[in-house]
Amino acid sequence: LEAWWALAEAHSGAEEPDIAVEKEALGKVQELDPKNAKGRKDNADVKLAELLENSDPKAAREAYEKVVADWPGTDGAAEALFMIAASFANVDGNFDEAEARMKKLAEAIPESEWAKKVPFALEQIAKMRTHNKKKKQ
């Protein structure tokens, strides 16, 4: 399991990632930890959702929502909540929803590393909102 996870991580962070190899490795992680007993299934699900972001943001958001539903309270769910909130700001320009989702993350899973990133994310969303208002004027 850990070897497959390491392979997926290596390809994810590579300068020129091999998406096919990454998907295969993540699929193996899902197979080997189907009930998230080792704490890798949720992370593999998140990584697979990330692979959809550029080609199909709507499908990525749906995949993140599934992680939240399937693995509540996990690190993967926290990351998925963060990514969902970010997508509302970055993809939709819906800053109110992005802020609400970030705050929900901070309340739902306050001890996660992702919740600790919320204050900075809220600052960035506020800057995006200001920039967007100036752009429209």
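Guide: Within α3, the buried residues are K41, D42, N43, A44, D45, V46, K47 and A49. That makes eight of its ten residues, so α3 is largely enclosed by the rest of the structure. Do keep in mind that this is a predicted model. The partners of those buried residues are α1 (2–12), α2 (19–32), α4 and α5.

N36 is placed in the loop between α2 and α3. Its relative accessibility is 13%, so N36 counts as buried, the cut-off for that class being under 20%. The backbone deserves a glance here too: N36 has a phi near 65°, which is positive although the residue is not glycine. For background, most residues other than glycine have a negative phi.

Next, the nonpolar packing. The largest nonpolar core holds 27 residues, and those with the most contacts inside it are Y64, A80, F82, M102, L105, I109 and I125. At least two residues of this core come from each of α3 (41–50), α4 (57–70), α5 (75–90), α6 (95–108) and α7. The biggest contributor is α5, with ten residues. There is also a second, separate core of six residues, and W5, A25, L26 and A44 are among them.

Beyond its neighbours within four places in sequence, Y64 is in contact with V46, A49, E50, E53, A80, M83 and I84. The side chains of E53 and Y64 are joined by a polar contact of 2.3 Å. E53 also touches A60 and M83, again not counting residues up to four places away. From E53 to M83 the chain runs 30 residues, and their C-alpha atoms are separated by 9.8 Å. With 29% relative accessibility, E53 counts as partly exposed.

The crossing of α4 past α5 is left-handed. On α4 the contact uses R61, Y64, E65, V67 and V68, and on α5 it uses G76, A77, A80, L81, M83, I84, S87 and F88. By type, the residues of this contact are nine nonpolar, two polar and two charged.

D75 belongs to helix α5, and outside its sequence neighbours within four places it is in contact with D42, N43, E113 and W114. Along the chain D75 and N43 are 32 residues apart, yet in space the distance is 7.4 Å, C-alpha to C-alpha. D75 has 33% relative accessibility, so it counts as partly exposed.

Notes:
Residues numbered from 1 in each chain as written. Predicted model: local features only at pLDDT ≥ 70, side-chain atom pairs only at ≥ 80, totals over all residues. Heavy atoms only, no water. Core = buried A, V, L, I, M, F, W, Y, C linked by side-chain atoms within 4.5 Å. Buried < 20%, exposed > 50% of the residue type's maximum accessible area, 1.4 Å probe, protein only. Helix = DSSP H or I, 4+ residues; strand = E, 2+ residues; numbered from the N terminus. Contact = heavy atoms within 4.5 Å. Left-handed = near helix turned anticlockwise from the far one by under 90°. Nonpolar A, V, L, I, M, F, W, Y, C, P; charged D, E, K, R; others polar. Polar contact = N/O pair within 3.5 Å; in protein donor to acceptor, adjacent residues only side chain to side chain.
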